[in-house]
Each structure stands twice: as structure tokens, then as C-alpha cells.
Amino acid sequence: MLFLSTRKKQDPLANIIHVLPDNIANQIAAGEVIQRPASAVKELLENAVDAGASSIQLIVSDAGKALIQVIDNGKGMSPSDAAIAFQRHATSKIKAIEDLFAIKTMGFRGEALASIAAVAQVTIKTRRAEDELGTAVDIENSAVQKQEACSCPVGTNISMKNLFFNVPARRNFLKSNAAELKHIIDEFIRVAMAYPDRLFTLTSNGQEVFHLAPGNIKQRIVQILGNTYTSKLVSVTEHTDYMNIYGFIGKPETARKTRGDQYFFVNNRFIKSAYLNHAVNAAYADLIPKDSFPGYVLFIDLDPSQVDINVHPTKQEIKFEDEKIMYAFVGAAVKHALAQFSVAPSLDFSLNADIQSLDAVNKPFTSEKKEATASSSLYQTFTQKHQAHFIERENKGNLGHWKDFYEMPSKGETLTPKKPSLEILADTPFIQIHKTYIIASTSHGFVLIHQQLAHERVVYDKLVIAAQTAQVPTQKSLFPVTLSLGASDTAILSELLPDLQQIGYQVEPFGNNSFVVQGIPADVEPGNEKNAIELLIEQYKHYSSEINFSRREKIIRCMARQQAIKTGQTLGQKEMQALIESLFACTTPGVTPSGSPTYIEYKEDYLDQLFGK
Ligand code: ADP
Ligand code: MG
């Protein structure tokens, strides 16, 4: 067995400090780069792209836990390069630090193959066009086990088996196959979207999930995001000396409740940027309903010296030399495109104006404006790292002023009112205030009930009982609605179907990433099912970071929130009474499932005290 590089053994008596052997050092370093099957997929696909392949096939079994294989027809490697490639910091892409600022390739750190070789059993077969024979190398625990000549097509065929076979703690940490496959699909899409002129296929457990024939960007978007976007895409193209932006944005009618279809690429690298995201959303401002998100696939090309891609090992967050210009530029380009296609009738700049003369690009971005952006709730929902789908809980800020009335729970417990026994006087009229609160008299004072939060508790309890006993009755849709989703949302929804059925939603797969809503719960108004399911997917993504909830619990929580009557709705006496009765029939009426109070009790002695009596 040949180690890729050797280090001298330290004298055990003289030292307690020793240099870690390469295989252990590599295993530790691998934790940065390879967190889950999807991270390996990303690295291998990027290597194939960097090798200039026009055909890239990804094959996975058991969501990448058993096998990840990438076959490309790129330039291949020489026999000696094929073994060196697995050493740490082995790269053909940069030679000196200056090269970092002129990066044209996806990779440059020389860490990916070394990390993969540290945590999986790897076999690579590769051949360059100029070589008659290729080479096959087997690697395990960072060490070359075997290398021999082989006949193989030009290009590289790399397979990694049993990811984390030697790091059981990490292996146990992996999520369900459905969840890991979804991550893989996300990474696959991010690479395939950026290189529409190349063939990409994805085969999972022997079934071809994607076959993306080479084409233009528009065709690739429709291949990936679905036919709903056919004839609903508006082209964006602006070129300046500083940067170019091009790609497509969805017409306002394609806006969805879910943020899924938003892609930004900088120099062909997928990035997550709350800031740029906000620029696009703001450009749509009055064209789409609040809380819905336009779809877009936008490419920004700029001088590599203007961006720092070296910020994070997985390279999804990048720093721009001048963020404000980027924000203004993206916003202006999107507005311009919407205006040109007469999607937005009146806009505050001339259609023919060169983008460079626009105020948005020319005028300095004031710190005032920046502050306003940073404090907007939309921006803040994004600020949590790696949580593009994080949704801030509403009303969180108000909790402080309620909390005197509650024992603060220790972690994991829910809030409970100090005095659970209270008697509502049903013969005194209920009063609704600001279409938000209900005041009801009690034998010792009054309660102030939050109508939406109270109803969320009621619906939650109803759904929990239904899920444990009989299924919620379904009403058949007279005009079944079809949903077309992106591939990763399809994966999520497919996983949720049985649980949805249990709570009254009958949703059936319809092939090609679409679904038909055949029925909805009998007590829910028809007409909103498309939104309801899209919102469910969006919220479910938020919950998926909280591992301690079961899938059904997550769905029930989402649906309870959705089906609850909202603030702003006028309630009659009967409705208020029904709500209050069902609230106090719940086992924990005082809090919502997520721990917000549903009502506050004001007692006579407290009121007397306020008035100094
Ligand atoms: P990086 O991509 O950052 O250079 P990697 O560890 O991913 O580092 O790869 C190391 C080197 O191996 C690359 O620089 C490249 O020269 C070579 N290599 C990796 N994958 C391929 C491939 N599919 N085809 C050709 N060469 C490859
Ligand atoms: Mg690489």
C-alpha cells in the first residue's frame, strides 16, 4: 500500500504533540468540503464541467449513500495525474495566488478529490485523447490501493462507494433518502442550469430522473422548472463595461408562494444572495401579490477580480467589490425587462435609456436606503446563513410584553398559562377589536383573545386527532387543479402525499413533475388549494431543519397555520362564541403549537391595581 505522501514518525517519548497522518488530516479536512452526498455530487459535476465535457452523466444509488458516479467525456487525465489528483491541494487550475483573481473554472482549491478519497471508496478510470490506454485507480482511506492500465473511453469515470464508511458518526447524521436525494437534485440543477449547452443526465436507483439535452438557456429552464414557464419568460440582457446580466425572469403571473425557482449565477457559479434576491423582488413590487416570489434564472458576468469567491469552502456565498452597484444594476435590469415586454405599464425611467445612465446605477446608494433594505423583514428573513427558506415567525417581537402572564418554559416545554381555570361568561356579548382581538368577560375580569392564534390552536388539535383516528373527510374537487413544480419541490411533495391524504388533501402525481389536487378537506373553502399546497411546501422546507418533528407533525403545524382564520376578518357573535368554545375545549388552550400565547387574562385585582384602587 502506497500512501500519497509520507510523514516521519515522531518519537513518542519525547513529544506529546505529533503531526497527524495524512489519512486522518484528510478526513478532518473532508468535513469542510463533503458534508453529505450532495456536496460530493457538486464537486464531481464541477470537475466534469472544468474538464470541458459536453456530456455529463450522474448516477446515484440510495441517494448517494451507496454510490455516486459521474461519467464525463472531458479531457481526462494522464496516469500520473490520476493518482496525484487525490492529494490535498492538488490542482491544475491555479499556480500562484494572483490566479485566484482570474478564476475561470468552478474548482481551484484542489481539495475535493482528496476529501472524497478520505471518506469513500473511490475508483477512477480516465483517459486523455492523446493516450491509447487509460488508467484505473482504486483509492481507500486516502491511499492508492491499486493502479493499472485499462481501456476506456476518453474522459473520466469516477465512482465513490459507501460514503462515510469510515466515519460512522457522519453516516448516521445523514437524513432520509428522500431528503438527501432532494439535496442532490438541487446541486445537479444548479450545475445543469448554468451549462445548458451540455448534456446532463441524472439516474437514481436505475431510473432516469433527468435527461437534459443540450440547448439554450430558455430550453434548459423549461426542462428543469417545468412547462408552466413556456411562453411565460421575459428575457433580461444588459451589457455594460462593468458587468453583464442576462437570463430570464418569469412574468408576474408565474409568481408563486414558494421561493424555489430563483437562481443567481455569478460567473456561472450558483450563489445565494439575499441582497440580490431582494433587488429582483423589489423590481416586481406592485406587479405580484405580497408574499409571493417571482421565478428567475439570472447570470451575472463580471471581471473575476471584482468578486471574492474564496469566502466559504462550499462557495455559495460570494463577496462583491461593490454590492450597491450590483443591487442597483440587478433591480434596474429587471425593471427594464418587465417594461420592455409591457408587463409593467408605467415605470420611472425611459425605456430606451442606456442602463448606465439610470439613476439607480449612477447615483450613490445612500446609507439611508441601505438601512431601509437591511431592516425590511424580507431581507431579514434571509440573513440566516444557508437558510434561503427560513421564515421568521411573525409576532415574535411582541412576546416580551405578554410574558409576565406566563411562566417562561424551560427549553422544549411549551408555555402554559399560570391559572388555567377560567370561566367565560357566555351571556355577555363578545367584542371584536381591530379585526384581530376578541374581548370576552370572565367571572373575575376579561380575556383578550388573539383570533388567529387561537384558531391555529383549534385547527391544530382537530388535525392531530384526525391524524390519530379517522382521516379528515375530503370533498372531491369539481375542477381539479394541476400543480407543476420544480424537481426538488416534486421530491418533497411526493414524500408528503400519504400524510396529506390523512388530513383531507387528496393529491395525486400526474407525471412530469406535476400533481392534481383531486380533493380538499370538507370544511375548507375550495379555490385556494394551489396556494395551500405551495405554501405547505415552502413552510415544510423551513421545518426540515428541525429534526425532532415527525413529517406528519410538520404538515399539521403548517396546515393549522394556513387554515386558521386570519386577522383582518370580521367575526360575528356566533363565530366568536364558536371559536372561544372550541379554544377552551383544547387541552392547552393558552398557546399555539409553536408557543405563542393565544389569549391573555386580565383579572379584576390586576385592573384595580392599575387604577390605584
Ligand atoms: P480542483 O477542482 O479544485 O482543482 P479537485 O480535487 O476537484 O480540485 O481536482 C483535482 C484535479 O484533478 C483538478 O485540478 C483536475 O486537474 C483533475 N480532475 C479532477 N476531476 C477531473 C475530471 N473529471 N476530468 C479531468 N480532470 C479532472
Ligand atoms: Mg474540483
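How far is an oxygen atom of ligand 1 from a polar backbone atom of Ala112? The distance is 3.3 Å.

Some ground rules before going on. You're looking at a predicted model, where local features need pLDDT of at least 70, side-chain atom pairs count only at pLDDT 80 or more, and totals for chains, interfaces and linings use all residues. Residues are numbered from 1 along each chain as its sequence is written, chains are lettered from A and ligands numbered from 1 in the order in which they are written, and side-chain values use heavy atoms, with hydrogens and water left out.

**Exercise 1. Describe the surroundings of ligand 1.**

Step 1: start with the neighbours. Ligand 1 is surrounded by 18 residues, and the closest are Asn47, Thr91, Ser92, Lys93 and Gly110; a residue is near if one of its heavy atoms lies within 4 Å.

Step 2: sort them by class. The shell has 7 nonpolar, 7 polar and 4 charged residues. Here Ala, Val, Leu, Ile, Met, Phe, Trp, Tyr, Cys and Pro count as nonpolar, Asp, Glu, Lys and Arg as charged, and the others, Gly among them, as polar.

Step 3: look at backbone atoms. A backbone N or O atom of Gly110 sits 2.7 Å from an oxygen atom of ligand 1, and for a polar backbone atom of Leu113 the distance to a ligand oxygen is 2.9 Å.

Step 4: check the cover. On its own, ligand 1 has 530 Å² of accessible area (Shrake-Rupley method, 1.4 Å probe), and the protein covers 91% of that.

**Exercise 2. Work out the sheet that holds S22, S23 and S24.**

Step 1: get the order. The 3 strands form an open, antiparallel sheet, S22-S24-S23. Strands are DSSP runs of E, at least two residues long, and helices are runs of H or I, at least four, numbered from the N terminus; two strands pair if DSSP finds at least two bridges between them.

Step 2: find the edges. They are S22 (474-484) and S23 (506-509), each pairing on one side only.

Step 3: zoom in on a pairing. S23 is joined to S24 (residues 514-521) by 4 bridges, and Glu508 stands opposite Val516 in S24.

**Exercise 3. Now do the open sheet of 4 strands.**

Step 1: the order is S19-S20-S21-S25, with antiparallel pairing. S19 (431-433) and S25 (599-603) each have a single partner strand, so one side of each is left without a neighbour in the sheet.

Step 2: the twist averages 25° from one strand to the next.

Step 3: S21 (residues 445-450) and S25 share 5 bridges, with Phe446 opposite Tyr602 in S25.

Step 4: H14 (residues 451-468) lies across S19, S20 and S21, at about 75° to S21.

How values were computed: Polar contact = N/O pair within 3.5 Å; in protein donor to acceptor, adjacent residues only side chain to side chain. Axes fitted to C-alpha atoms, helices over the stretch in contact; angles between N-to-C directions. Contact = heavy atoms within 4.5 Å.
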